[in-house]
Amino acid sequence: MIQTLTIIGVGLIGGSLALALKEKGVVGKVIGAGRSEDNLKLAQSLGIVDAWTTSLSDAVKDADVVLLAVPMGAYEAVLQTIAPALKEGAIVSDAGSTKQHAMAMAKCLPRSVSFIPAHPLAGTEKSGADAAFSTLYQDHLCILTPDESTDKDALNTIESMWQDAGANVVHMPADEHDKLLGAVSHLPHLAAFALVNAVNKQKTDEFDPLSFAAGGFKDFTRIASSSPEMWRDITLANRDVLEEQIDILMDELQNIRVALQASDKDRLTALFSSAKDARDAWLAERKERQNKDKA
Ligand code: NAD
């Protein structure tokens, strides 16, 4: 049971956690904090928070647990603002998509406070308090990236919090997290943004490809509707990994281009088959894991 939980950034991620914990009855009071009064008022009217303030210091002064659910680019300013206001023994955690950056920014917190870096692998392309829903984390992974200095009791509290929200918690080193998520989450977002731009920039008065786009285009590009500011911050915070990932994707596109230029049917079939086989195997493995978790 967390007596007082403060959520800084009551959007999809922070709002969904508050709703899940309230539904389970494992949180006393939830205080919302952020920049937008309208969003915080909406969060209260939706029952996500019990009280709210735009003063981050006021919001955290009585909190047992503080969850940062703001874009990565806001971490430095938010953590430096709350650091002097936190009570002794408070736990600060986050839900940000890159973990080495989060841990570096949290170095400004006082020694009397614990920081537990976390990343729930759940989300949608929607933003704000009205996008939040209590089952967002159900049966999704939540990765915690403790290091040797992490307080074990605080780690247990945050692990239980995410489990109470329905998530399956795993631990891994922060650099491994950033590399893995760079490949399976950040790169697909970059590819989706680039693909929509690549198609859209071909539009002229006589030629409008988007008006003929159908299901395949919609499936591939759903995540290009995600918040541009949030993704700007994530990609900057994981820049080194992503430069490498972009090179890997460009190599793959180049392989297809070379095979096309040579009208190399076998090579094209091999390239497409290896992708199809890998995706089919991943889907089958995922299904088996989900069935096992349910059993
Ligand atoms: P969101 O836009 O729905 O919510 C973010 C909230 O933070 C908004 O209410 C906004 O008003 C507030 N905010 C922005 N800047 C602020 C500042 N400087 N000070 C105080 N409040 C501020 O975004 P979200 O999808 O909930 O994402 C929040 C975090 O969770 C991000 O760090 C993101 O990387 C991470 N995350 C997102 C997803 C996803 O799929 N959306 C998944 C996992 C993790």
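Does S226 count as buried or exposed, and at what relative accessibility? At 6% relative accessibility S226 counts as buried, where buried means under 20% relative accessible area, exposed means over 50% and partly exposed lies in between, with a 1.4 Å probe and protein chains only. The views below show a predicted model, in which local features need pLDDT of at least 70, side-chain atom pairs count only at pLDDT 80 or more, and totals for chains, interfaces and linings use all residues. Residues are numbered from 1 along each chain as its sequence is written, and side-chain values use heavy atoms, with hydrogens and water left out.

**View 1. The chain as a whole.** The chain has 11 helices and 9 strands, these being DSSP runs numbered from the N terminus, with helices (H or I) of at least four residues and strands (E) of at least two. Its radius of gyration is 21 Å, which agrees with the value near 19 Å that a compact globule of 295 residues would have; the radius is taken over C-alpha atoms, and the globule rule is 2.2 Å times the number of residues to the power 0.38. Along its principal axes the C-alpha trace spans about 65 × 45 × 40 Å, and 42% of the 295 residues count as buried.

**View 2. The surroundings of S226.** S226 is found in the loop between α8 (215-221) and α9 (228-237). A polar atom of the S226 side chain lies 2.7 Å from the backbone oxygen of I223. When residues up to four places away in sequence are not counted, S226 touches E125, H189, F193 and W231, contact meaning heavy atoms within 4.5 Å.

**View 3. A192 in helix α7.** A192 is found in helix α7, which covers residues 174-200, and at 0% relative accessibility A192 counts as buried. Residues up to four places away in sequence aside, A192 touches F220, T221, I223 and A224. The C-alpha atoms of A192 and Q80, which are 112 residues apart along the chain, are separated by 34 Å.

**View 4. S114 in strand β6.** S114 lies in strand β6, made up of residues 114-116, and is buried, with a relative accessible area of 16%. Leaving aside neighbours within four places in sequence, S114 is in contact with A90, I91, V92, D151 and A154.

**View 5. Two loop residues with positive phi.** Most residues other than glycine have a negative phi. D139, although not a glycine, has a positive phi of about 60 degrees; D139 is found in the loop between β7 (118-120) and β8 (141-144) and counts as exposed, at 53% relative accessibility. S263, also not a glycine, has a positive phi of about 50 degrees. The place of S263 is in the loop between α10 (239-261) and α11 (265-294), where S263 is exposed, with a relative accessible area of 60%.

**View 6. S55 and T81.** S55 is found in the loop between β3 (51-53) and α3 (56-60), and at 26% relative accessibility S55 counts as partly exposed. Although S55 and T81 are 26 residues apart along the chain, their C-alpha atoms are separated by 9.6 Å.

Technical notes: Polar contact = N/O pair within 3.5 Å; in protein donor to acceptor, adjacent residues only side chain to side chain.
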